[in-house]
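Hi,

I'm passing on the structure we talked about, so that you can look through it yourself.

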Amino acid sequence: LVPPLHGGVECGNLSDASACERINCTFWSIGRYSACLPDGIANCGSGERLRHVVCLNSLNQVLNNDSLCPGDRPLHKDPCYLPCADDCTLTDWTQWTGCPS
């Protein structure tokens, strides 16, 4: 760029801008599964693990319309099994065995 000299005319506006399409990126934010939780009154047997799943935009804002995110919504529940306590049980005493020699 050479500035105007000796009464020459300015070049005018040296920048230009135009509207562009904003890219709207959405994605699933998927948390980790919780520990296995009982799914009924009993503290053992069938249960489920839970996780937080939300559709977010590129500004990390929650979108309330899952259809805006790619693919199907990931599951937020997963079945699991909680083992039941198994108390010790004893059988009847048997006959004494002989002493080792």
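R73 is partly exposed, at 37% relative accessible area; that label covers values between buried, under 20%, and exposed, over 50%, computed with a 1.4 Å probe on protein chains only. Its partner is D66: the two side chains form a salt bridge, 2.9 Å from N to O. D66 is partly exposed as well, with a relative accessible area of 33%. A salt bridge here is a side-chain nitrogen of Lys or Arg within 4 Å of a carboxyl oxygen of Asp or Glu.

Please keep in mind that this is a predicted model, where local features need pLDDT of at least 70 and side-chain atom pairs count only at pLDDT 80 or more, while totals for chains, interfaces and linings use all residues. Residues are numbered from 1 along each chain as its sequence is written, and side-chain values use heavy atoms, leaving out hydrogens and water.

The whole structure holds two salt bridges. In the one between D78 and R49, the closest N and O atoms are 2.7 Å apart. D78 sits in strand β6 (residues 77-82) and R49 in strand β3 (residues 45-50), so this pair ties together parts 29 residues apart in sequence. Strands are DSSP runs of E, at least two residues, numbered from the N terminus.

Have a look at T26 too, in strand β1 (residues 26-30). T26 counts as buried, at 16% relative accessibility. A polar atom of its side chain lies 2.7 Å from the backbone oxygen of L68.

Happy browsing!

Notes: Helices (H or I, at least four residues) and strands (E, at least two) are DSSP runs, numbered from the N terminus. A polar contact is a pair of N or O atoms within 3.5 Å; within protein, one must be able to donate a hydrogen and the other to accept it, and residues adjacent in sequence count only if both atoms are side-chain atoms.
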